[in-house]
Amino acid sequence: GIKPERLIADTAYGKGEMLDWLVQKRGIAPHIPVIDKSGRKDGTFERADFTYDPEKDIYTCPGGKELTQNRRAFAKPREKKPDEDGLLRYRASKADCDACALKARCCPKGPSRKVTRSIFEPSRDVARTIARTTQYAISCKLRKKVEMLFAHMKRILGLNRLRLRGPCGAHDEFHLAATAQNLRKLAKLIPPPQVARQA
């Protein structure tokens, strides 16, 4: 019966499928860094430098040219299908790229520029928008506090390996470890006893 409003996690959970499940199917705000491998280190334009128009379903390059999925106009429009990795491919015209002054910074080794877009990109954009908020910064601090507790369980309380088998055994071990952590915190909150000074 628990319905969380947001989920805080590290980058390992920032895949498109996970973000889409949270945003579209569960209605939970993902306070998760997005896994994005579209960055380039060779100085050429990245995907972030291209502007996407959701109404026309096209990308616009820094030179002002359009990148579309299909360059030819078919009598019967073809269905736009993603590849096995869930990516849609947008291509620029070779004629546009050959005449462009920015070709050396865009596609120096290829005849024309290609840009891929994930089918989960709307959910990834939601996560990117949340990452620029103050609430996200607070969530990062909260996540570090929780991770510190797990690190304490592993290193100090010796919970790097479970000794009891099955989900019930794991539940019992974690329950006891959490109880030990809470007792340790309570002991710190209790003020030390006042020792009477002798005159």
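Biologist: Against which elements do the buried residues of α4 pack?

Modeller: This is a predicted model, in which local features need pLDDT of at least 70, side-chain atom pairs count only at pLDDT 80 or more, and totals for chains, interfaces and linings use all residues. Residues are numbered from 1 along each chain as its sequence is written, and side-chain values use heavy atoms, with hydrogens and water left out. Helices (H or I, at least four residues) and strands (E, at least two) are DSSP runs numbered from the N terminus, and contact means heavy atoms within 4.5 Å. The buried residues of α4 pack against α1, β2 (29-31), β7 and α5.

Biologist: Which residues of α4 are buried?

Modeller: A residue is buried under 20% relative accessible area, exposed over 50% and partly exposed in between, with a 1.4 Å probe and protein chains only. An α-helix has 3.6 residues a turn, so residues three or four places apart point the same way. In α4 the buried residues are Glu-121, Ser-123, Arg-124, Ala-127 and Ile-130.

Biologist: Which residues does Glu-121 touch, not counting residues up to four places away in sequence?

Modeller: Glu-121 has its place in helix α4. Its relative accessibility is 3%, so Glu-121 counts as buried. Not counting residues up to four places away in sequence, Glu-121 touches Arg-47 and Arg-128.

Biologist: Are α1 and α4 roughly parallel or roughly perpendicular to each other?

Modeller: Two packed helices are described by the angle between their axes and the distance between the axes. Axes are lines fitted to C-alpha atoms, for helices over the stretch in contact, and angles run from 0 to 180 degrees between N-to-C directions; under 35 degrees counts as roughly parallel, over 145 as roughly antiparallel, 65 to 115 as roughly perpendicular and the rest as oblique. The axes of α1 (residues 16-26) and α4 (residues 121-130) come within 8 Å and cross at roughly 80 degrees. The two helices are therefore roughly perpendicular.

Biologist: How do the residues of the contact of α1 with α4 divide by class?

Modeller: Helix α1 contributes Gly-16, Leu-19, Asp-20, Val-23 and Gln-24, while α4 contributes Ser-123, Arg-124, Val-126 and Ala-127. Ala, Val, Leu, Ile, Met, Phe, Trp, Tyr, Cys and Pro count as nonpolar, Asp, Glu, Lys and Arg as charged, and the others, Gly among them, as polar. The residues of this contact divide into four nonpolar, three polar and two charged.

Biologist: Which residues of α5 and α6 make the contact between these helices?

Modeller: The axes of α5 and α6 (residues 166-189) come within 11 Å and cross at roughly 105 degrees. That angle makes α5 roughly perpendicular to α6. The contact is made by Leu-149, Phe-150, His-152 and Met-153 of α5, together with Phe-174, Ala-177, Ala-178, Gln-181, Arg-184 and Lys-185 of α6.

Biologist: With which residues is Met-153 in contact, leaving aside its neighbours within four places in sequence?

Modeller: Met-153 lies in helix α5 (residues 134-155). A relative accessible area of 8% means that Met-153 is buried. Beyond those neighbours, Met-153 is in contact with Gly-158, Leu-159, Phe-174, Ala-177, Ala-178 and Gln-181.

Biologist: In β7, which residue is the bridge partner of Leu-88?

Modeller: Two strands pair if DSSP finds at least two bridges between them. Strands β6 and β7 pair in the antiparallel sense over five bridges. In β6 (residues 87-91), Leu-88 and Tyr-90 form the covered face, whereas Leu-87, Arg-89 and Arg-91 form the uncovered one. The bridge partner of Leu-88 in β7 is Arg-117.

Biologist: Is Lys-114 buried or exposed?

Modeller: Lys-114 lies in strand β7 (residues 114-118). Not counting residues up to four places away in sequence, Lys-114 touches Tyr-90 and Arg-91. With 52% relative accessibility, Lys-114 counts as exposed.

Biologist: In β5, which residue is the bridge partner of Thr-60?

Modeller: Three strands form an open sheet in the order β3-β4-β5, with antiparallel pairing. The edge strands, each pairing on one side only, are β3 (51-53) and β5 (66-67). Strand β4 (residues 58-60) pairs with β5 over two bridges. In β5, the partner of Thr-60 is Glu-66.

Biologist: How far from Cys-106 is the nearest cysteine sulfur?

Modeller: A disulfide is a pair of cysteine sulfur atoms within 2.5 Å, and a search of the whole structure finds zero disulfides. Cys-106 is in no disulfide, and its nearest cysteine sulfur, that of Cys-107, lies at 4.7 Å.
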